[in-house]
Amino acid sequence: MKKMRLLAFICSFFLIVTLSSCSVNEIIGNTPIDYSAEEPIADFSASEELISSLSDMIYALTIDSIKLPEFSDTASALSKCGDSLLNHLLTTNYSRFSGNTEVLKRAAKEYKNMNITAAIGESDYEGALYKYFNHGGNIRHESTARFKYLSKIDAYIPAVQAQANKFSLDIISVAETENTYRMSFYCSNGEEVSPEYLAVFVKRDKGGCYIQSLRQMASEKINYKIPPVFS
């Protein structure tokens, strides 16, 4: 009888531990899959369409600076790039977030003393977080360094003037693996050139991709001769 009780206790203990582990994983998210060992299967350095799509994600990571934030997972990307993503949305889709929109109509009613001419709704911001960083969970909406969050209209408005990126990307290579695209590049602004960066984009099952990580490859600035296809 004692052996049966002991066996039942052990089984119950491991069941609780397993369920607890699952709960923790659901809260903090699963560890990103490491695709670094995958071998390249194709070269997309001449694919203008793919390069344009990948470059758009890079431009969303900073506000007109050739020094980019480094990250290796969704959580760190959100903590470092939320403000720049809002800025990117406003500068690249200004007509969508200004003018006679439903959000601005609500803003005029709820904030009569404020002259609000542009606003990014929660759903637009959350959609961009999923598109660029694969974030599909809950997010705490709050003001950032450059945007003020207005809870009455569930939207962000610019607290300072939005600033479009003026630097360019000098692409070195774009390689495809089974599950990713890897793009190495420099950022350049006139004579100023950044270190080399490597961005890893994870493919989605239904097409498209999101950026999973970005890291600096070289510690010194290097003047790189741009291939004719990109010049």
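Colleague: Is Y197 buried or exposed?
Modeller: The model is predicted, so the value is computed from predicted coordinates. Buried means under 20% relative accessible area. Y197 has a relative accessible area of 1%, so Y197 is buried.

Colleague: What is the relative accessible area of F185?
Modeller: F185 is buried too. Its relative accessible area is 0%.

Colleague: How many aromatic pairs does a search of the whole structure find?
Modeller: Rings pair if their centres lie within 6.5 Å. Searching the whole structure with that rule gives six.

Colleague: Is the pair of Y149 and Y156 stacked, edge-to-face or tilted?
Modeller: The centres are 5.0 Å apart, with 50 degrees between the planes. Under 30 degrees counts as stacked and over 60 as edge-to-face, so the rest are tilted. Y149 and Y156 are both buried. Their pair is tilted.

Colleague: How many residues apart are F185 and Y197?
Modeller: F185 is in strand β6, residues 180-189. Y197 is in strand β8, residues 197-203. The pair links distant parts of the chain, with a separation of 12 residues.

Colleague: Over which ring does the charged end of K203 sit?
Modeller: A Lys NZ has to be within 6 Å of the ring centre. The charged end of K203 is 5.3 Å from the centre of its ring. That ring belongs to Y181.

Technical notes. Residues numbered from 1 in each chain as written. Predicted model: local features only at pLDDT ≥ 70, side-chain atom pairs only at ≥ 80, totals over all residues. Heavy atoms only, no water. Buried < 20%, exposed > 50% of the residue type's maximum accessible area, 1.4 Å probe, protein only. Helix = DSSP H or I, 4+ residues; strand = E, 2+ residues; numbered from the N terminus. Lys NZ or Arg CZ within 6 Å of the ring centre and 35° of its normal.
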